[in-house]
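Hi,

Here is the structure I promised to pass on. Have a look at it first, and my notes on how the chains meet follow below.

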Protein chains: 2
Amino acid sequence: MQKGNLLFAQSGGPTAVINASAAGVIAEAQKSKAYDKILCAHFGMDGILKEDFYDVTALTKKQLNLLAETPASAFGSCRFKLPDLKTDATVYEKLLAIFEKHNISTFIYNGGNDSMDTCHKVADYFRTIDFDCKVVGVPKTVDNDLVGTHHCPGFGSAAKFVATNMEEIALDTAVYEKGRITICEVMGRDAGWLTASSLVATHRGNGPDLIYLPEKPFDTKKFFDKAMEVYNSKKRCLVALSEGIRDEKGNYIGAVGTKDSFNHTQLGGVAAYLADCITQKFGIKTRAIEFSLPTRAAGHIAALADQKDALLCGNNAVKAAVAGKTGVMVTLRRKDGKTVCESLDLAKIANEVKSVPDEYITDDGSNVSEKFLDYVLPLIEGEVHHDYKCGIPVYFDTDDLKKA
Amino acid sequence: MQKGNLLFAQSGGPTAVINASAAGVIAEAQKSKAYDKILCAHFGMDGILKEDFYDVTALTKKQLNLLAETPASAFGSCRFKLPDLKTDATVYEKLLAIFEKHNISTFIYNGGNDSMDTCHKVADYFRTIDFDCKVVGVPKTVDNDLVGTHHCPGFGSAAKFVATNMEEIALDTAVYEKGRITICEVMGRDAGWLTASSLVATHRGNGPDLIYLPEKPFDTKKFFDKAMEVYNSKKRCLVALSEGIRDEKGNYIGAVGTKDSFNHTQLGGVAAYLADCITQKFGIKTRAIEFSLPTRAAGHIAALADQKDALLCGNNAVKAAVAGKTGVMVTLRRKDGKTVCESLDLAKIANEVKSVPDEYITDDGSNVSEKFLDYVLPLIEGEVHHDYKCGIPVYFDTDDLKKA
């Protein structure tokens, strides 16, 4: 009897543990014996539409372990947006034909907000036309802004990166008797979870003096006052702020990306802009540091707790599908000091943003409250140990895979 | 009988292993039993002139181990420049009085080029006036630009940071079918050793396509051609370049730090500038990443080989002093696949810059040659294992020290 095949795809920006979810899906699918073949799309939905698949049915335990330790999307990703079925049914029909041709009985899609929207639409379409394929979403985002889940795989490792770098920058910027104002810009345009995580460094004794999240309107004047107050008392000031901070009217601070009079794009982010303003205005030394892409890419400082959660989500996506569930995303919940996996209807998730709640932000918006530590500490616990060769981590090599 | 005291001080920008040299000095001084007290200046030469000392005579092995794993200058640093004796003898006389008062029989100064110049001047002065205090320099710089030594403690860890991040950025930027041109800016204004280290990532399979060092004049037009050639063939291009690249006339590319018509400082470094130029000129997506300060601060990815070298230099500085040497800097040499410690007259070191030699740079200046791997690989080997608490590394706490 033919059991059908499982198709897995990665989508959106990479994280340090997105491949751990892939490993979790593949391992559980192997264990379940519910599928003939396990396929992974090359370049996400784009690869599906080109029938460009890896056959990962026979990946060994050793290969899966290495995959789970490897940052970035090993099978390739995409920024695919599925149109509404009512507007354009063509892609849906093409997908159906491909799924039928390749006998796909389960489709697992691993991504963030947009990908969960795609997942939702595909699941709905299959239900509407009565096509028996289970569709399950696996959450992924460093920003931690997906609703319906206590936290999101990918966040813990990025948060550990932020907290560790903040600690090390705090040590570095404290070495001179007279220091400067150092402003660190952290990823997260709409939600401040990553920036907030720098509180861990402060909690441990070496961290930022001020922390600004995009959830509260940013008052540049008040910020200058606050930073100068710290500087005047400590002879230095370390600031963490989110790339997405906006003023009361919702305009991004520093108007990054605008053109100057020569039609050149304003270079540098909000940290560089504010640091420059302070130097101009107060004549003191400043430095801007943009944490940038390594925040999500840094597998070498991935959190073990995050890797485990990502694996768990991969496992449970397959379990949900095998149990007959469809149109759901697996979710994480904290229960008795542990992370447990559940699932939630995709209709309740797509296109919502989970912001840092007010209770985690101090009243004047210039810091994060201690309460946040209870939330974040369990998520950044533990280290993933890598093998190193030639001094750098050994990661999974996609060239070792075979195409279907 | 009073044996005299040892005074140690840190100077210049921190590295991930400068404290390992401190631990090496303290441990060897304890072992030698040649000193009554071991003092560390707070904030380098500035602290000496204020008689602001820590007494580290009784630091335990456990404390020294933790110190050796801790990035940034635990005792504080300075940017002190000693005037010429002929111009101004005041500081020299003040130093002498302080050294006499505190019975300093050995002075060990840990720093880069400027610090070795200071060290040299102090040693010369003491010799001239027949003051019996041994003065020994310990090298330190992430830039690896000190002459007279095969390599410099601090470089290996920063190089490991660069190579690891390059590998991870290469993985991250390869996930989409159609990628962009990503330009990474690496520390090193005059010497390209750190930027060159990104070759390790390429050697291992995921690294930059193009590498530009400050040792060769940078031709922006040729760079655009080269980058677009790679982009057109691979649909992506990853570039590593040194913050110090200059054109044929010696002008920094992008004229970072100049003012625009509104008297605002041009924000962002050379990577941001070149990425913007490419987007404007060719209409393709780009990204600039500045590795910045974490390059030297990232203790969590320090190289074990580098830590050992730093310790060794600390040990050998004390041994040299005890053996009666003065006016020297300890140096490192590779011999039979191992690093050995020697020493060299400070007169031969001060104020010279060690550039990356031509043999390590490809003829067209757009990459680093494989030969460089023989040089760099032994220096970035091994990992320093840290304890973690609350998800971030446990580092030495200077608050636990007592002042002399």
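One term before we start: a salt bridge here is a side-chain nitrogen of Lys or Arg within 4 Å of a carboxyl oxygen of Asp or Glu. Keep in mind, too, that this is a predicted model.

With that rule, four salt bridges turn up across the interface of chain A and chain B. One of the pairs to look up is B:Lys50 with A:Glu177, where the closest N and O atoms are 2.5 Å apart. Polar contacts join in as well: 26 residue pairs between chain A and chain B, both partners at pLDDT 80 or more.

Which parts of chain A touch chain B? At least two residues each come from helices H6 (155–172), H8 (199–203), H10 (270–282) and H11 (294–297), and from strands S9 (286–290), S12 (388–389) and S13 (392–393). H6(A) gives the largest share, nine residues. By type, that side of chain A has 32 nonpolar, 20 polar and 17 charged residues.

As for the extent of the contact, 69 residues of chain A and 69 residues of chain B take part. Together the two chains bury about 5700 Å², with 58% of that on carbon and sulfur atoms.

Cheers

How values were computed. Residues numbered from 1 in each chain as written. Chains lettered and ligands numbered in written order. Predicted model: local features only at pLDDT ≥ 70, side-chain atom pairs only at ≥ 80, totals over all residues. Heavy atoms only, no water. Contact = heavy atoms within 4.5 Å. Buried area = accessible area lost by both parts, 1.4 Å probe. Polar contact = N/O pair within 3.5 Å; in protein donor to acceptor, adjacent residues only side chain to side chain. Helix = DSSP H or I, 4+ residues; strand = E, 2+ residues; numbered from the N terminus. Nonpolar A, V, L, I, M, F, W, Y, C, P; charged D, E, K, R; others polar.
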